[in-house]
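Subject: Structure handover

Hello,

Here is the structure we talked about. Please open it alongside this note; what I found follows below.

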Amino acid sequence: MIDNISLAVIKGSLEQVTNEMDTILIKSSLSPIIAETNDMANGIYHPKTGETIAQGSLGLPVFLSNMQFAVQSVINSVQDVSDFKPGDVYMLNDPYLGGTHLQDTQFVRPIFYDGELFCFLANTGHFMDIGGGTPGGWAPSATEIYQEGILIPPVKLYNEGKLNKDLLKVFLKNIRLPEQVLGDIEAMKNALETGESRLLEVIDRYEKANVLACLDEMIIRSERQMASYISEIPDGVYTFEDYLDNDGVVDKPLKICISVKVTGPNMEIDFTGTDPNTVGPMNLSYSTTVCACHIAIKHIFPDVPVNGGTFKPIKFNIPEGTLVYAKPPHSVSGYTEVLGRVIDVCFGALQKAVPDKVPAATFGTTGVMTIGGVHPETEKYFVGVFPYPGGYGGSKETDGLIHGNTPQSMANFMSIESSEHRYPVMFECFKVREGSAGAGYHRGGTGSSYTIRSLSDQMVVSIMGDRAKYRPFGIAGGKDSVPNKVVFHLETGEMVPVMQTKIDKQPLKKNETIEVNSPGGGGYGDPTARLPELVLADLNGGFITEEQAKNDYGIKFHSKVTEHGYTFYELD
Amino acid sequence: MSKLAGVDVGGTFTDLFYIDIETGEVRITKVSSTPKDPSEGLIQALKAGDIPISDLEMFLHGTTIATNAIIQRKGCKAALVTTSGFRDILELGRRDRPHIYGLSGVQNPLIPRNLRFEVAERLNHRGEVITPLNVEEVKKIGGYLLDLNVDVVVVAFLHSYVNPKHELEAGQFLNEINPNWHIVPSSEILNEYYEFERTSTAVVEGYLRPLISKYSENLKEKLSKSQYNKSISIIQSNGGVLNIDLLGKNSSNIIRSGPAAGVIAASFIAEQIGYKNIITGDMGGTSFDVSLVLEGVPKVSEQVDLDFRIPLRKTMIDIHTIGAGGGSIAWIDRGGILQVGPQSAGAFPGPVCYNNGGLEPTVTDANLVLGRIDAENPIGIDGTLNKELAEEIITKKIAEPLGLSLHEAAEAILRVVNNTMSGRMRILSIEKGHDPRDFVFVGFGGAGPLHTASLIKEVGMKKALIPCYPGVICALGCVIADVKHDFTQTINLPQSDWDLNLINRVVDEKISEGHSRLEAEEIKLEGIENEIFADMSYEGQIHTIRVPLLPPLSKESIIQAFEKTYEKLYKHTLPNIPLTLINLRVSVTGRRKPIQLTTFMKNHHATTIEEAKKSSREVYFNGRFYNTPIYDKNRFPLNQVIEGPAIFGQEDTTIILEPDMSAYVDDLGNLIMEVIK
């Protein structure tokens, strides 16, 4: 049994090791997606169970528990633990073994102390290209995982410190940006090595037996902590369902059903009733579905530390063959949309139990827009990625945020001026989408609207979005928000994609434009209870329309014009 | 005519450092700050030190007024005029959220949406006019703004950093409508692309201007009443001073005024004794500020977030703040693990031992319980500390639940907070590609010298320096800072398009602008230094690195400089990828006559170790009590090494030396401590 002082201090030191690994990977990686948007994670994992001990605080939520699954897959891939040797580095990207999508590649390194396996260090990085049919890897029309890129099961990239050159050659030959990815591979290996030497220092300082005891104790303590939060949720069975518009290939809604059963300190999450896996890429592997639930719960209880113990009190029943437990070779590159909806249904179910702690639905679509083509001035190939910004749901504490990123990500939107330098485009507007928020005592955040004009005759646009038919929901009496809308303004006239917000490689000629309107967030609580002064401020700010002020919020007002013609509203 | 006074107005205390260079006389004072009118506290500090105000040659000043105005939203009523279609840039930011986990919290822009207006106009990224400025719309908005009673109008158009014409024209028309408005074109504040960051920076500037101008006038008047009519300078976030008469147009330059002065002072002092690579740590009541100094030069950053979605792009000394200070609260989480901070008991009610009704155990309480601070003579507060109450609360809230003794619990609180602080120190150096163990730590601030010994052990550093006056070091920094102006211009050219004529012209313009600003300052200088930097990257990369350039500039010398810098940071370069030069930066520094630190020693009356010993008390280190001698640092013999444990007291701080360490006071009054291996 470890004493309480050592536990606090060793825990801090282990977390510090993972934070330092994060820092090194972010600073030394080549691709902007890691360097700029932290699309990576680093952690320490249990030598026997592969459970997370500590994970760096800069990694994206989407890797919250997926990393642990990757480490467990590596452990399962060997005959015996004695197969692990100092200096080994395993590599994998199979979403059915490590989660998420093919671009996210995991490295796992066994760490030895006194000649014995002590723990694993692992990291993951999003590679800018992974081969397959669509540059960048988001393939709205992929029907098999083989179309999405090269698949890597757990294999040794380094064997006792020696690089497996042949494996690396095969891998790099299969992807579009080999130099950039090689730089990221170096950075990931570097982060693991630095992490190892730092970890060994920690063990030297606090002694092996103490640190080992701490690994087990950290898991026990986090389990206890999570259990204490779950105990505060009233016992009961809470159900919810929501839909994805379609799978990008077949225009048919896809249902996700959740049932959350709370009994004392235990929680059981059941997805029975969810639609079967899809033809298009709207599928999740088992582990990604589990991870999505963990993300939702971590957003509701942000204080719980993240390790293998945190989520032990939560059990899952996910029926095989559903779109939340797809099997190979189903395509998964639309996973961001499905994962978002799983987070939504978790919120939807739990708001029935603890409405004070759960926000209404966020805008609910990652909606990645990719533009690509040949730049007319440089004559070079370009790829630009614009992820959707949108509104957050209102919560007990506040209105919803405007222009947020998705709950599973922290990725930013590129600067307009910088985009116009890089790509042959000109933005026509970039603004609050007026009237798009769900009304509520705390209203949702509005969505955003932007329109991009092409300045090239050789440009194509792909979009992977959702929430065009099924709106982000309000809770506790709050209203739903306004759904997603994508419109192409072409020479031939206006065009709305057949799959509403999913389209693969639509040409956009010079001076044609694409207009994107992202959803707002759902409202929280009865809108007629909102303070009239706040409704008026929203009306004067143009966040809500006159009709919404009247009909949803029920305030009475009139407009006034100042001496120089400025129009504003006053309460009657 | 050799008397200088520096005053740093902080959130809790106003510190003064006064020096008469001829006689070597030094005076320091610490009084409570007066948040309603900060200049009150400033005058009180001068009075408390009995400073001969009318004889002063220079008065230098650091202040938190700008930061507070932003955080508390106490600036002015400002309007924003933007390119048609883009008035929401300020509100939308870059698609982010306040915290990685937890989805509540909202943006709260400095200018609300109903005070943001659009006019038809558009430039492309080359600065070419796509849509001419619609003058009628500008005039119409001008009319609205008259009715709306604003004080400031910020004008921020897309791509104005390449071509400011439209912004300036619109500003001109608005000025004609009401000459009393402060008009702030974004291109006058920042010549860089990134529309959100530029607009936000201009808005911060505009939001502060009326307030800062008023503050400057008020301060001048107050000092003039005290018979001081010479130059008043304010320390800027970049560590250089600025004449108060220029402050009105540079209001956003003083966001980090005081903390920057602290780093300047620490770096100056350390360099005097040959330490060029240091980590500075300023620990106060609520926060711990860390900063890195390499080869005698404080690291700078180009952007800071003042609040959620309020970035400020200005060259600033890179200071990282975490919530760890004397007031940080110790608590036990639901898993039964001891945590310290980030919540703080603040100045009120403060730690339990302050006896102001505080009920949560803090770091200061732990220091008191362990005998590290003196209950009878606390620094910076009147009266005595209530040790019994601190013991009771730590026992009840920490020791009993964790099954520890009182003293074990108190020591555990310190270990946890030191662990947090040392973690930040490590990350800071690792981010810049360095090993923290190669650095010397300079500890200061009210609580810094109490924790310095444990911190360096925690990080694995060998040596630390506590400057002569660690409790008023920001005020001291004001007195020694140079005069500094920074300029930026985005040119964004791929290597194939580098035009050396253009590059040299931009650099020359900025240098001469810097020189004329220095002249306008009317501060006595010994020399002027120009530095040139370029923000560069490999083509396609998003992150740029800051590359120092040496004239004469040529394509080859720029490439070489880039490769050298890149290799230093990332240990390798990327062959066969061409470069991009995004921004040119010019720094013009006017060097003031350096102060001889030996003058500080006039206050030092070295005796023998025996005579310097005031008393002793029982102090708890590593699980047991040691009878620990307490020395008067101002009487300690110079260069005589003693081994810990020991405590050194002086008017503005208490320094702890732990058992397995040695220390001496050097010729400049600094205390140097080392870990004995």
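His421(A) sits in helix H10 of chain A, which covers residues 416–422. One caution before going on: this is a predicted model. His421(A) is partly exposed, because 17 other C-beta atoms lie within 10 Å, and a residue needs 20 or more to count as buried. Leaving aside residues up to four places away in sequence, His421(A) touches His125(B) and Asn492(B). Thr528(A) is another matter. His421(A) and Thr528(A) are 107 residues apart in sequence, and their C-alpha atoms are 47 Å apart in space.

**The contact between the chains**

Chain A puts 65 residues into the contact, and chain B puts in 61 residues. Which of them gives the most? H12(B) does, with 11 residues. By class, the chain B side that touches chain A holds 25 nonpolar, 21 polar and 15 charged residues.

**Chain A as a whole**

Chain A has 12 helices and 22 strands. Its domain assignment lists domain 1 (4–218), domain 2 (359–523) and domain 3 (531–572). The C-alpha centres of domain 1 of chain A and domain 3 of chain A are separated by 54 Å.

Along the principal axes, the C-alpha atoms of chain A fill a box of roughly 80 × 60 × 45 Å. The radius of gyration of chain A is 25 Å, and this agrees with a compact globule, because 572 residues would give a value near 25 Å. Of the 572 residues of chain A, 61% count as buried. Take the contacts in chain A with a separation of 6 or more: 73% of them join residues 24 or more positions apart.

**Strand S15 of chain A**

S15(A) spans residues 448–454, and its side chains alternate. Which residues point to the buried face? Ser448(A), Tyr450(A), Ile452(A) and Ser454(A) do, and they are buried.

Strand S14 of chain A (residues 425–432) runs antiparallel to S15(A), and seven bridges join them.

**A seven-stranded sheet in chain A**

Seven strands of chain A make an open, antiparallel sheet in the order S2-S1-S5-S4-S3-S6-S7. S2(A) (52–55) and S7(A) (162–163) are the edge strands, and each pairs on one side only. Within the sheet, S3(A) (residues 89–92) and S4(A) (residues 104–113) pair antiparallel over three bridges. Leu92(A) stands opposite Gln106(A) in S4(A).

**Chain B: domains**

How many domains does the assignment give for chain B, and where are they? There are six:

- Domain 1 covers 3–70 + 213–257.
- Domain 2 covers 74–208.
- Domain 3 covers 259–324 + 417–479.
- Domain 4 covers 328–415.
- Domain 5 covers 482–591.
- Domain 6 covers 604–664.

Look at domains 2 and 3 of chain B together. Their C-alpha centres lie 36 Å apart. In the contact between them, 12 residues of domain 2 of chain B meet nine residues of domain 3 of chain B. The domain 2 side of that contact divides into four nonpolar, five polar and three charged residues.

**Chain B: a four-stranded sheet**

Four strands of chain B form an open sheet in the order S29-S30-S32-S33, with mixed pairing. S29(B) (613–621) and S33(B) (653–657) stand at the edges. Each has a single partner strand, so one side of each is left without a neighbour in the sheet. Direction ignored, neighbouring strands of this sheet are turned by 25° against each other on average.

S29(B) and S30(B) (residues 624–632) run antiparallel, joined by eight bridges. The bridge partner of Tyr620(B) in S30(B) is Phe625(B).

Best wishes

Conventions
Residues numbered from 1 in each chain as written. Chains lettered and ligands numbered in written order. Predicted model: local features only at pLDDT ≥ 70, side-chain atom pairs only at ≥ 80, totals over all residues. Contact = placed C-beta atoms within 7 Å. Helix = DSSP H or I, 4+ residues; strand = E, 2+ residues; numbered from the N terminus. Nonpolar A, V, L, I, M, F, W, Y, C, P; charged D, E, K, R; others polar. Domains from an automatic or database assignment. Rg over C-alpha atoms; globule rule 2.2 N^0.38 Å. Buried ≥ 20, exposed ≤ 12 C-beta atoms within 10 Å, placed from the backbone. Pairing = 2+ DSSP bridges. Axes fitted to C-alpha atoms, helices over the stretch in contact; angles between N-to-C directions.
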